[in-house]
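This briefing concerns the secondary structure of one chain and how its elements are arranged. Please consult the sequence and the structure shown below alongside the points that follow.

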Amino acid sequence: MSASAGYRIARRQAIKTLGAGAAALSMPSILSGAYAQTGDLAGQTVKIGTWGGSWRDALEKHIGSKLAARGAKVEYVIDTPSGNVAKLVAARGRDAPFDGFETAPELLPPLAKANMVMKLDYAKMPNSKALPAFARGDYHVVTGATLDGIVYNEAKFKELGIEPPKHYSELDNPKLKGRVAFPDIAHSQHYNAVLGVALEAGGDEASMAKAIPVINKIAPAQFYNASVDLGNKFSSGEVWAAPWHAGWAVRLKRTGVPVAMSYQKFGAKFGAMLPVYYSVSASTKSQAGALAFADTYLSPDVQFEFGKFTGSVPMDPAARAKMAQDPESKGFLMFSDAELNNAKEVDFSKIDLAAWREAWTRDIKR
Amino acid sequence: MAAGARRPSADHADLASERSRLWRLLLWPPFVIALALLVLPQAVFVWMSFHKSLGMGLVSDFLTIENYRRVLTDPFYLHAMWMTFYLSLGATLINLALALPTAYYLARLRSRWVSYFVVLLLVSLFVTVVIKVLALYLVLGKEGMINHTLRALYLISEPVQMLNSQLGVLIGLVQYTLPLLVMLMIGVFQTIPSSLEDAAEVHGATWFSSLSRVVLPLAWPGVIAGSLIVFNMNMGAFTSAVLLGGGRVLTFPVLIHRKVILDVDYAMGATLSTVLLVFVLLVNLASVLLLRERRGSGSQRAATVHVS
Amino acid sequence: MAGVVFEGVSKLFGDIAVVRDLNLEVRESEFLVLLGPSGCGKTTTLRMVAGFIVPSAGTIRIGGEDVTRLPPRARNIGMVFQDYALFPNMTVAENIGFGLRERKVEKSALDRRVAELLELIRLPHLAGRFPSELSGGQQQRVALARALAYSPRVLLMDEPLGALDLKLREAMQIELHRMQRELRITTIFVTHDQEEAMGLSDRIVVMADGQVQQVGSPEDLYTRPANPFVANFIGKINFLSGEVAAVEGGRCTVRLADQATVSGIAQDRCQAGQRAQIAIRPEALRLIEPGSAEFANRLPGRVKRRRFFGNIVHYSVATASGQELLVESTTGAGTVALEQTVWIGWQPELTLIYPGAATAHAAQAASPSPAGSLA
């Protein structure tokens, strides 16, 4: 019938338009991956779980390229450390989504217990000899550390007549209303910041909940999940202060954002340190590649370059000494053994993590 | 075209049914793939939700409904569900208000540019949400274009907080699903011959009456179907909630994500996602039933959404 | 009831004139057909009456009222669309009552009128059906009832029978004719089918290229086509061409390429030496004895094809100059074998002569095969 012919034509028209769109979308994807065909790691694909953004870029620039020269193909699995741990757990230890991965102190113990990470063979990582003893764990090696405190917009603070924050609780300043960001629970800087607040409120690792009323009083405009995102907001002037780590202050300053770093007292200690762990999946098919990645990571040159680029503190003493002379990093980071020993490191064994996550989800005013 | 002259002969009919059987065979592979990728994991998830979590992604051997009891009696989760629902519904309604006139106009526009425009819409669908959200910050942020303009005009002294809030999530959801809804609605309106509107008009209908008595009733099933697609997408939207809510809006998908990723509590994560799934299914079912109630036997004559 | 008047109406789409300077009067109660090939401007003309298209120039009056810029709903006209455009979401009765409801007619009066129309179209048993449950012919009748429900001043029909098969179409033509005569409603009917136009209309307007070629009764158009285009478009016709040899009152004589001469009625002022088109209906031609002097016009030829149609027979006869002429002869006039040499004769009174250079249409009409207009 002709009445339905009208519909048919219209439908054909609709399908035609959709088809044209689909065709427009089937654009070729660009694959890259130039790597040497010879070398001691020839033919190996090494997958590294790590953060995204400039951190990954620095890894590729200083380590990935060197491994590629030895014949390996390096790929990156980008996520937060907890996100990557979730991937490892989901794979149930078989067919690990990555060979080596960067992780954090609170995440590692259950993985070690579940045999999802392997004991590190330090004989295969000659560069690890120079590291301080605490950097060499059974299941992890510390490749560097971020120094946590408050990153703030120095120009804004001056304009508003606010002193550099000596305490986390000072972030409740009404002049900062709507301009403070706080690390959300999935973010690496979360626990240092919360413990800092808890300590100021008379609590400690065992009584983290004491931080909650203070954070509610600060009423952060946002709980950030990605440093890249927060960096953009510091640049645009959307955010003026946030508990964060010095590395981002260094990186932002480098691009001309007027930020400064202030460290807070953590009880008797000053400033907080977040060691960056590197571990190897128990089911890796490229143990040699994963360890070679770590060893390259720990070489003095890479430690310096990487530390300088990301604004983290190198573990290798020579690299640290060299970086202490670097004008860009001065004023943001602490380098001496004494300072580092005096920086707070969260004792995760004392925190009831499940309870804290519940409290964070339910009791923070949103 | 004379329909009678083109009626296929008996031979043709046999051939046609043979061909349609072939086509039906071709439907099997996608069905199997869909089953493997969608239904099976979902089934595993539902199965998990009836077990106790042992941590690290492991669950107990015995069955229990404890997880459901906990979720369904916890005001925190119920409130999160309510919030997820009204944000999704709100975004869907706003999108309808924006998409219907736009789609109608485009569907009736006799211009070759319409095709290009639809392609553009389609392309915009595939822009990463992260990029879209960044763009929203540039526009809606405290230091964004709108606040700057308002301040420059002395309309406000303090910047208006539009993001990092439920409003932000709402805006994100609207932005997330609007292009799709416009596309779906263009399809719906294109299946309504414009001669019907001519007929309404020439027989005395005003523009409003032609819309309300002819176009909208015919578009209605398509509008409902499209709205449901968009509503369902909103209910499951994760990225906009996280990024534009600034960690301050804990919708159901965010809570599920945290249960799975942070707590590595698969049982509870599965329970939450099953509750969300059932809730969304119920909303869909209710809408379809409501629609059937309203339209009675006339429903099959109306235009439908073509998701191709 | 009211007539429709076009005064200098033109419509341009961009640079293209779809309708050019149309002057036409549709009389009250008349059944007028706009006839022409696709793209001739007939549908645009109809849609201008409906109000879907606003003319670029000129005035349209319905019953004396200038409606040029009135919206369709204010014109009080009925229209039947090519695809019927029945509302799929409404029953037959609701469809028919649509215009009445829009006019806020009281419920009982509306129901009465709908019942009346259902009687008129002889479908009272289908009142509760939906359009998709009807056959094409039934849909067509519902569309007609819907257009007539509120007694419009004018009824417009846009190729309404085009979608029906042949038998149904003929039946609908008869029914349409009956209803139009009964209701005496001014009707403008658009079609490209000349047989349909001949069967239905009081008058036909033949259009081509946005311009009226001729207006007249079916008989007028058939017997006195104003130009070769109309001659070719209405019915079957043969064309010959040559040069005017002599002029004598309303008659003139044309010399063909092979020096044979043909005389006939000049349709326009003739001058000796001018090119001219000769048009002869197939039924005017006769196969005659070689020596017969019964007809003033005679040409020898050879029979190429013969087609038998029951009461009539068609012969294709090739003339000396190579042109083929279609001869329609009644059965029983004796049979002629293929390839046989014959003489064709006809009366000058039935010979139409169009002087002047062939127009685009004439050129098309005078294509080598005279059977161009054969179905």
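In this predicted model, helix H1 (residues 42-50) of chain C lies across strands S1 (4-13), S2 and S4 of chain C. The angle at which H1(C) runs to S1(C) is about 115 degrees.

**Sheet of chain C**

- The sheet is open and consists of four strands in the order S2-S1-S4-S5 (chain C), with antiparallel pairing.
- Strand S2 (16-26) and strand S5 (65-66) of chain C are the edge strands, each pairing on one side only.
- Strand S4 (residues 57-62) of chain C runs antiparallel to S5(C), and two bridges join them.
- Ile62(C) has Glu65(C), in S5(C), as its bridge partner.

**Helix H3 of chain C**

- Helix H3 (residues 107-120) of chain C has 14 residues, which at 1.5 Å a residue should span 20 Å; the end C-alpha atoms are 20 Å apart, in agreement with that expectation.
- Leu110(C), Val114(C), Leu117(C), Leu118(C) and Leu120(C) are the buried residues of H3(C).
- Viewed down the axis of H3(C), these buried residues fall within an arc of 155 degrees, and therefore they line one face of the helix.
- Arg112(C) and Glu119(C) are exposed, on the face of H3(C) turned away from its buried side.

**Surroundings of H3(C)**

- Helix H2 (92-102), helix H4 (136-148) and helix H5 (166-183) of chain C are the elements against which the buried residues of H3(C) pack.
- Arg122(C) follows H3(C) and has a positive phi, near 60 degrees.

Technical notes. Residues are numbered from 1 along each chain as its sequence is written. Chains are lettered from A and ligands numbered from 1 in the order in which they are written. This is a predicted model: local features need pLDDT of at least 70, side-chain atom pairs count only at pLDDT 80 or more; totals for chains, interfaces and linings use all residues. Side-chain values use heavy atoms; hydrogens and water are left out. Two strands pair if DSSP finds at least two bridges between them. Contact means heavy atoms within 4.5 Å. Axes are lines fitted to C-alpha atoms, for helices over the stretch in contact, and angles run from 0 to 180 degrees between N-to-C directions. The expected span of a helix is 1.5 Å times one less than its number of residues. Buried means under 20% relative accessible area, exposed over 50%, partly exposed in between (1.4 Å probe, protein chains only). The arc is that of the directions from the helix axis to the C-beta atoms.
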